[in-house]
Amino acid sequence: MMGALHRDIATIIVVGLALVVGGLVGTPYILAVLVIFGMVSILVLSYRTITTMGGWSFAHVALMGIGGYSVAIFSKAPFEIPVLAAVALGGVFAAFFAAILSWPVLRTRQYYFFLSTFAAGEALRQCYIQIKEVTGGTAGIAFIARPGVLPDPSSAFQFLCLVAVILVLLGLFYAALDASDTGKKIKAVGEDEALSSSLGIDAWALRALAFILGSFGAGIAGGLFASYNGIMSPSDINAMLMFKIVAACVIGGTTRFSGPLLGLLFLTLIEEIFRFVPEFVPMIWGMLVIAAVIFSQRTGGGFRLRKVTNA
């Protein structure tokens, strides 16, 4: 297992270095693509942590919004918290909300878990729209600053370096969790909850832990998105981004730590190849996901549902 941990550590460090080197030698367009890739990488790695407990949440992007709005609100007057601290605060808030949400949604299984997290995510998105006094409604909150720790906050390359550092740190955390005894128990619960419970493992607590820690990463990514774009609005919390995260995990598989990253790389390449006809990209992604699910069913790997439904 230590071999697997070393491989995962090497993977995340290589990805971080590749982002920096690519941004250093690439064009401004490639630089912008790499920044987005780095932030979505945080989303897929944190999402994979949730899938290890056996459930595929559809609230991940909505929880990302908590991080985005945290930066939008707390980096401005009257709070004026440093942006990077607000990003961290957004991760904590997303994790806290996930802890509250876990009580009802983790009582559901399989398709009901999909539906309950989808409903929770949509309810959260409606809150972003309806509570206009706080979130700015459909217009959102604009003029969000970038982290002041950057020597030149307007530099996209420096922002990419910051994203790469945060991606590596979070990746190391999730890799360590994956290889730990707690991570093994979470995966055991995901494989067979009834058997795990019969052995004295607190299945519900471990599932909640995976959900909370994965949501923390979503909140961090949301804060980075808001700071990079300079605006946070409900339109940033869209089904297309949620589908991209799920598709990356389905195509790359979640058994290995590097699987979602490879899936995201493949989807990004497809997106860039067809960027002159972007209306075809969702259709191609959908076909790839269907092919991956069919292949997975035949081989018994990658995308899997929970085997046991009782806690």
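Start by selecting Lys244: is this residue buried or exposed? Lys244 counts as buried, because its relative accessibility is 9% and buried means under 20% relative accessible area, with exposed over 50% and partly exposed in between (1.4 Å probe, protein chains only). Before you click on, know that this is a predicted model, where local features need pLDDT of at least 70, side-chain atom pairs count only at pLDDT 80 or more, and totals for chains, interfaces and linings use all residues. Residues are numbered from 1 along each chain as its sequence is written, and side-chain values use heavy atoms, leaving out hydrogens and water.

**Stop 1: salt bridges**

(The rule: a side-chain nitrogen of Lys or Arg within 4 Å of a carboxyl oxygen of Asp or Glu.) Lys244 lies in helix H11 (residues 239-252) and Glu271 in helix H12 (residues 259-273), so the pair ties together parts that are 27 residues apart in sequence. Helices here are DSSP runs of H or I with at least four residues, numbered from the N terminus.

How many salt bridges does the structure hold? There are 7. Next, select Asp178 and Arg48, whose side chains meet in a salt bridge at 3.2 Å, N to O. Asp178 sits in helix H7 and Arg48 in helix H2, so this pair ties together parts 130 residues apart in sequence. Both Asp178 and Arg48 are buried.

Now go to Glu193 and Arg109. Their salt bridge has its closest N and O atoms 3.0 Å apart. Glu193 is in helix H9 (residues 193-198) and Arg109 is in the loop between H4 and helix H5 (110-130), so the pair ties together parts 84 residues apart in sequence. Glu193 and Arg109 are both buried.

**Stop 2: a look into helix H2**

Select Thr49, which lies in helix H2 (residues 28-51). Thr49 is buried, with a relative accessible area of 5%. Which residues does Thr49 touch, leaving aside neighbours within four places in sequence? They are Tyr174, Leu177, Ala210 and Gly214, where contact means heavy atoms within 4.5 Å.

**Stop 3: the nonpolar core**

Time to colour the inside. The largest nonpolar core has 87 residues. To belong to a core, Ala, Val, Leu, Ile, Met, Phe, Trp, Tyr and Cys residues have to be buried and joined through side-chain atoms within 4.5 Å. In soluble globular proteins, nonpolar side chains tend to be buried together.

Select Met39, Leu43, Phe159, Phe211 and Leu224: these have the most contacts inside the core. Then zoom in on Phe211. Leaving aside its neighbours within four places in sequence, Phe211 is in contact with residues including Ile50, Leu63, Leu101 and Val105.

**Stop 4: aromatic rings**

Show the ring side chains. A search of the whole structure finds 8 aromatic pairs. Rings of Phe, Tyr and Trp (its six-membered ring) pair if their centres lie within 6.5 Å; planes under 30 degrees apart count as stacked, over 60 as edge-to-face and the rest as tilted.

Select Phe74 and Phe79, a tilted pair with 4.8 Å centre to centre and 55 degrees between the planes. Phe74 is buried, with a relative accessible area of 19%, whereas Phe79 is partly exposed at 45%.

Next, pick Phe159 and Tyr228. Why is this pair called tilted? Their ring centres are 5.2 Å apart and their planes are at 35 degrees, so the pair counts as tilted. Phe159 is in helix H7 and Tyr228 in helix H10 (residues 203-229), 69 residues apart, so to speak at distant parts of the chain. Phe159 is buried at 0% relative accessibility, and Tyr228 is buried at 16%.

**Stop 5**

Finish on Ile13, Leu17, Val165, Leu169 and Leu172, which make a nonpolar surface patch of about 430 Å². Patch residues have over 30% relative accessible area and no salt bridge; like charges are joined within 9 Å, and nonpolar side chains (Val, Leu, Ile, Met, Phe, Trp, Tyr) within 5 Å. Areas come from the Shrake-Rupley method with a 1.4 Å probe; for residues, only the protein chains shown count as cover.

Which helix gives the patch its largest share? H7 does, with 3 residues.

Key
Helices (H or I, at least four residues) and strands (E, at least two) are DSSP runs, numbered from the N terminus.
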